[in-house]
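Thanks for coming. Please look at the chain on the screen while I go through how its parts are arranged.

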Amino acid sequence: MAILLSNATEILTMKRGLGVVKNRSILLRNGIIEKIGRLRAKREYRMIDARGCVICPGFVDSHTHLVFGGSREDEFALRLKGVKYETIAKAGGGIASTVKHTAKASEDQLYKAGELRIRRVVRHGTTTVEIKSGYGLRPQTEYKMLRVINRLKKRAPVEIIPTFLVHTVPPKVKRDLFVKRVIDEMIPYVARHKLADFCDVFCDRIAFSRRESEMILSAAKDWGFKLKIHTDEFANIGGALVAARLGCTSADHLLVSRKRDITAMKKSGVIPTLLPGTSVFLRLNGKPDMQAFRSARSDIAIASDFNPGSCMIYSMLKIIALACLAYGLHVEEALIGATRNGAKALGIFDRVGSIEPGKQADLVVLGVDNYRKIPYEFGEDMVSYTIKKGKVIYGKNN
Ligand SMILES: [Zn+2]
């Protein structure tokens, strides 16, 4: 059925900047955006009155770890009491706890937990979600996570992009042997079974070195994966330069990236992705060098990094507000980062991330009358409708 979203106060088309169009309607048909303009109602249309509302492209959350077992609110509470992460980790908490619970959980349990989280994400206007493996560490649990992500991809109301994340070396395994196993066994397995679109590696002082990351990503590239990298979060060990050299689709975190990293990424078309939720959650003071990103004219994406240890924020609206408040992004930069540039960070901007005739009808209708109120009224539950491929997948009044 065709849907007419009528008389939106603002439509953020994301064509050149925000591309704001005022007091116009949008016609959706067969999952596609058909027309934007002054459009008349017809009897066969489902009508949605968008007066007093802002319509923007459905949010693209290009970096999440949404499938995992267990939960870590105990650790969250302890950290607020001043207990150090190292102490928590020694007592079996931290990532080891997620790895343990993920290994113990059945595929059905992981699927159900993931499904519930996706239902929440949809309520907050997100229509595309990237999900990484990475809590398995050992091959069989990594494959299990990827099978769950692919099952969600088949059935969820949103589009899911699966990523194979090489997160860290499992305990009691030699680093060089593990890297070899990733390259000789795991990457080929994931490729042959078509379990992921992207391969991602955590390149930082506490994870894989620049050389190891480069070896892993080069092997993945040869197997046809698109590439991502977690880097420059804690220490700058040259991960952004690896991203530039190998042509990663995105490089994520980038809290300690320097000017030459930012320029190199821009030159090779790597989309820098900032994750402000983790900084707030971990109460870190570091900020990305926004001036350097602006002078390089970077297409900055923002994402949630949803994960049990350092960011349990389902809502991209909150991430937009935190990008402004914690990192100093301009309102426009944050909104573009959560839509257009999020789509670029997944290599799908040809289909989603802007409101243009011919593009997929992925939209969110927000109950505010201008876009500056989106981060300004931080905390307000403002999503009236989430629409995916022309279908209402969430509606406040439905
Ligand atoms: Zn992450």
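I start with a term: axes are lines fitted to C-alpha atoms, for helices over the stretch in contact, and angles run from 0 to 180 degrees between N-to-C directions. Two residues are in contact if their C-beta atoms, placed from the backbone, lie within 7 Å. Helices (H or I, at least four residues) and strands (E, at least two) are DSSP runs, numbered from the N terminus.

Two notes on the source. Residues are numbered from 1 along each chain as its sequence is written. This is a predicted model, in which local features need pLDDT of at least 70, side-chain atom pairs count only at pLDDT 80 or more, and totals for chains, interfaces and linings use all residues.

With that in hand, take α8. This helix lies across β9 (198–203), β10 (226–231) and β11 (250–253), and runs at about 170° to β10.

Those strands belong to a sheet. Two strands pair if DSSP finds at least two bridges between them. In general, strands of a sheet pair through backbone hydrogen bonds, either parallel or antiparallel. Here 8 strands make an open sheet with parallel pairing, in the order β6-β7-β8-β9-β10-β11-β12-β13. Which strands stand at the edges? They are β6 (59–61) and β13 (301–302), and each has a single partner strand, so one side of each is left without a neighbour in the sheet. The partner of β6 is β7 (residues 126–132), which runs parallel to β6 and is joined to it by 3 bridges. In one of these, F59 has T126 of β7 as its bridge partner.

Now the helix pairs. For the angles, under 35 degrees counts as roughly parallel, over 145 as roughly antiparallel, 65 to 115 as roughly perpendicular and the rest as oblique. A crossing is left-handed if the near helix is turned anticlockwise from the far one by less than a right angle, and right-handed if clockwise. For residue classes, Ala, Val, Leu, Ile, Met, Phe, Trp, Tyr, Cys and Pro count as nonpolar, Asp, Glu, Lys and Arg as charged, and the others, Gly among them, as polar.

Back to α8 (residues 239–246), which packs on α9 (residues 259–267) at an angle of about 15°, the axes being 8 Å apart. The two are therefore roughly parallel to each other, and the crossing is left-handed. From α8 the contact takes A240, L241, A243 and A244, and from α9 it takes D261, A264, M265 and K267. That contact has 6 nonpolar, no polar and 2 charged residues.

Next, α4 (residues 107–123) and α5 (residues 139–155) pack at about 45°, with axes 9 Å apart. These helices are therefore oblique to each other, and their crossing is right-handed. Among the residues in this contact are L110 and G114 of α4 and R147 and V148 of α5. The classes come to 5 nonpolar, 1 polar and 5 charged.

The next pair is α6 (residues 175–192) and α7 (residues 210–222), at an angle of about 10° with axes 10 Å apart. That makes α6 roughly parallel to α7. On the α6 side, V179, V182, I183 and I187 meet E212, M215, I216, A219 and A220 of α7. By class there are 8 nonpolar, no polar and 1 charged residues.

Last, the domains, whose bounds come from an automatic or database domain assignment. That assignment gives domain 1 (3–57 + 355–395) and domain 2 (59–345). Their C-alpha centres lie 29 Å apart. The contact takes 19 residues from domain 1 and 20 residues from domain 2. On the domain 1 side, β15 gives the most, with 3 residues. That side divides into 14 nonpolar, 2 polar and 3 charged residues.

β15 pairs with β16 in the antiparallel sense over 4 bridges, and I387 stands opposite V392 in β16. The two strands form a hairpin with 2 residues between them, and K389 in the turn has a positive phi of about 45°.
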